[in-house]
Amino acid sequence: MMGYYFKLATRSLARNPGITALMVLAIALGIAVCVITLTVHHGMSSNPIWWKSDRLYTVTLDSWDPERPADEKRPALPPPDLTWRDAEAVTRSGIPPRAVRMYKATGVLSADETTGAVRPERVLARVTTADFFAMFDVPFRYGGGWKSAADTGPEPVIVLSAKMNEHFFGGADSVGRTIRWDDREYRVIGVLEHWHPAPKFYDVNNGAFDDPEEIYIPFGWAEKLELRSAGNTNCWKPEDIQSVADFLRSECVWLQVWVELPDAAARERMQAFLDSYVAGERRSGRFQRPNNNRLTNVNQWLADNEVVGNDSPLLVALAFAFLAVCLINTVGLLLAKFLGNATVTGVRRALGASRRQVFLQHLTEAGLLASVGAVLGVVLAGAGLWGLRIMYASPQTGFTGLMHVNGWSFAITVALAIGTSLAAGLYPAWRIGRLAPAVYLKSQ
Amino acid sequence: MLAMRHISKVFRTDLIETHALRDFSLDVAAGDFVAVTGPSGSGKTTFLNVAGLLEGFDTGTYQLDGVDTGDLSDDARSRLRNGKIGFIFQSFNLIPDLDIFDNVDVPLRYRRMKAAERRERITSALDLVGLVSRAHHMPSQLSGGQQQRVAIARAIAGDPKFLLADEPTGNLDSLMARQVMDLLEQINEMGTTIVLVTHDPELARRAQRNVQIIDGQVSDYRPYEPHAHATREQAPLAAGASA
């Protein structure tokens, strides 16, 4: 019978193309707005490394100006980044099994002579200590990261993003090949899978929704090559900085520091170390602000930095309200259409159709309508997200990573489509099934 | 075939109660051709809806072909209606989206017949009403008389035992009305029981038996007596003379 119901549904929908188009559009718009809002909200609100949320902590210390806080709007917070010397001291404490100090740099990546003519690319690099990959569970397609010894060497090794590996090596296993970054050759030791943590929790001060960097090199190159930061560098007092060495000794903050602490005891030891370290620095004239040495987990870190604005949940609520309005309109139109055709339903009942059969016939029509609406809704959502990327995605706005429909968004979309189909079709189909056929036959 | 005993049917609104049928009893034997007449508002259509299982009733009993219809579920009533009853309406009530073939197909679809058997029955029914060549026309392309013949084909395609016709010639001119009546008589001769509701005494005279409904009751009800039944040739001319 489903084939028969489907045939009747297509004829019925074709009979009133205007109303059909209106209903499809209403469902599609409702779904599209919801999917777009949910995708952006999900990107903005999720913790991309939730499974290690209770082990990963960023370290912040308030080495800022004694006269004013680092951020006037959030005076309780220390600066988000650390000075060179503080970062070095914290990561060399020996307490956390894994510790990372890092920053963002930029340079031109180009093929060596063995690779052939491939267009060079200016890329962002993450200059980091070795634990970055293991600490953040970064997935590798080929090879892996480097050992700690490579940081101090430093060794000329490099990890490429999947995109850069595609660009320079056609996606092949490039481990062991060489590639140039600025004027120096590096040996490829690892290629990442597509990895796109959103928000980019480990460096929210430099574009919380930026794409991850395209290459990764050992931290030792920072000093050796005098690599300047391509991220934010914040300084609070005038200092005579004539050289890179001067800059590294300055009170400017620009390095992100993360530690992995497996349990409460480790966390307490780390906190004690920080307090002790700061107390020592305070005696030498630094850290003149109130003691504010923090270990902050990922969730708290995202909240402290207001990565999720207050507007986002409100927008999601509004999007669902809009979907509800669209659905109510569709239900109204469907009901009017079905009741307008009540005589035919009365005839079908007289000829032997049961209430259940009438219900199923009309539910099929509503389901078909909603399915077309859902497909169009997904297409519109894709177009909408693409449009948002075109309009807003740039390193300045930091929205590049948000507008991808991921598995989560897709699951929500499918659930929305099915739910919408049921919601829009159930009541009108039930209502028409309850009609007393004699009433409508009598009116003829 | 049809046995109604002391049926009552009341329509209630907030303000009034309308007794459409009261203590209504009627027997129709298998093979009968019964004409039901009566003034407007007398309860003819309500009787037809109750007989056709389109409406329930408040009190009494109704047996259709030996099945007590009183406590049947909607599914069971629909199956019984689909299997045993054919409907013919005054305004034909063909489904405008479907062509003639698909219109006749409707009751067979709900019987879940195989496609080949449905095709055979549809062709045979359309053949009987002389419209096989119009099988793929739309209803709007046919005259009123042709549409009513399609409706008859639809009613008989499932080979029901019982045909309910509500003013089947009411929207037709006299020539077409006669053709439709000829067709109904032909179907009756093939063994189908027919109950015809009509205002037209001329048509009523062509039935084997006339029943008059007044104020929701059969005006001169007598329990069914097979030997007392007239054949069509002996049918009385006066409405209500044989009940």
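Predicted model: local features only at pLDDT ≥ 70, side-chain atom pairs only at ≥ 80, totals over all residues.
Helix axes are here lines fitted to C-alpha atoms over the stretch in contact, and the angles between them run from 0 to 180 degrees between N-to-C directions. In chain B, the axes of helix α3 (residues 100–109) and helix α4 (residues 115–128) come within 10 Å and cross at roughly 120°. Angles of 65 to 115 degrees count as roughly perpendicular and those over 145 as roughly antiparallel, and α3(B) and α4(B) are therefore oblique to each other. The crossing in which α3(B) passes α4(B) is right-handed.

The residues that make up this contact can be named on both sides: α3(B) contributes B:Phe101, B:Val104, B:Asp105 and B:Leu108, which meet B:Arg118, B:Arg121, B:Ile122, B:Ala125 and B:Leu126 of α4(B). Sorted by class, the contact of α3(B) with α4(B) holds six nonpolar and three charged residues, with no polar ones.

Turning to the sheet, chain B has six strands that form an open sheet in the order β6-β7-β8-β3-β9-β10, with mixed pairing. Strands β6 (85–88) and β10 (217–218) of chain B stand at the edges, and because each has a single partner strand, one side of each is left without a neighbour in the sheet. Within the sheet, strand β3 (residues 33–37) of chain B runs parallel to strand β9 (residues 209–214) of chain B, and four bridges join the two; B:Val36 stands opposite B:Val211 in β9(B).

Technical notes. Residues numbered from 1 in each chain as written. Chains lettered and ligands numbered in written order. Pairing = 2+ DSSP bridges. Parallel < 35°, antiparallel > 145°, perpendicular 65-115°, else oblique. Left-handed = near helix turned anticlockwise from the far one by under 90°. Contact = placed C-beta atoms within 7 Å. Nonpolar A, V, L, I, M, F, W, Y, C, P; charged D, E, K, R; others polar.
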